[in-house]
Amino acid sequence: MDATMLIRALNFPDGPDDVDAIDALRHALKDPAHSKVLRAAQDVVTLMAGQDVYMDDLPPEMARPDVWRRYAAGERGSAVAALGGIHHQPALEIAATMLREDEIFRDTAHHFLRHFDGLTARLVPELDDLQIAVLADSRSSRAFMLLGRVSGVFG
């Protein structure tokens, strides 16, 4: 599967008429490694939507591609803090409360963060700057930025 199709799948379809994204998602789900991260992302995005937190409403402050590359290479802490680019205070508060008080959400979120972490390590080194920017703006990446920020992943 090429990176462009995987990135499209990570953004999820906009609805039943989004044939390209549906096709990308269908193909990506056939790969066991991609399937795990996509299903975990879907679970997190769905649970957040149940609390009226929608990834489309959370435009991130974009980190530079080199920050994504450093994260993919294993750097953590202040070197990659810019990845926590979601600053929408109500969404951060809701996510923090859910992580603290909802055991199912907490397990789901940590499962997603682990799988997304593995995906970045595999995928980001293959991407050019534009592809990283598109990935960073996907619904899955927004969920990663939000949950990573409230759980302290970025330092």
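## Before we start

Residues are numbered from 1 along each chain as its sequence is written. Because the model is predicted, local features need pLDDT of at least 70 and side-chain atom pairs count only at pLDDT 80 or more, while totals for chains, interfaces and linings use all residues; side-chain values use heavy atoms, with hydrogens and water left out.

## The overall fold

Let's begin with the whole chain. The protein chain has eight helices and zero strands, giving the pattern α-α-α-α-α-α-α-α along the sequence. Here helices are DSSP runs of H or I with at least four residues, strands are runs of E with at least two, and both are numbered from the N terminus. The radius of gyration is 14 Å, close to the 15 Å from the globule rule for 155 residues, so the chain is as compact as a globular protein of that length. That radius is taken over C-alpha atoms, and the rule is 2.2 Å times the number of residues to the power 0.38.

Along its principal axes, the C-alpha trace spans about 35 × 35 × 25 Å. Of contacts (heavy atoms within 4.5 Å) between residues at least 6 apart in sequence, 73% join residues at least 24 apart.

How many of the 155 residues count as buried, as a percentage? The figure is 41%, where buried means under 20% relative accessible area, exposed means over 50%, and partly exposed lies in between (1.4 Å probe, protein chains only).

A nonpolar core is a set of buried Ala, Val, Leu, Ile, Met, Phe, Trp, Tyr and Cys residues joined through side-chain atoms within 4.5 Å. The largest one holds 50 residues, and Met48, Trp68, Phe112 and Leu146 touch the most other members. Each of the helices, from helix 1 (3-11) to helix 8 (139-151), supplies at least two residues of this core. Beyond its neighbours within four places in sequence, leucine 146 is in contact with residues including Met48, Val53 and Ala95.

Threonine 97 sits in helix 5 (residues 89-101). Its relative accessibility is 30%, so threonine 97 counts as partly exposed. Valine 150 is 53 residues away along the chain, yet the two C-alpha atoms are separated by 9.5 Å.

Proline 13 lies in the loop between helix 1 and helix 2, and is partly exposed at 25% relative accessible area. Leaving out residues up to four places away in sequence, proline 13 touches Asp18, Ala21, Ile22, Leu25 and Arg139.
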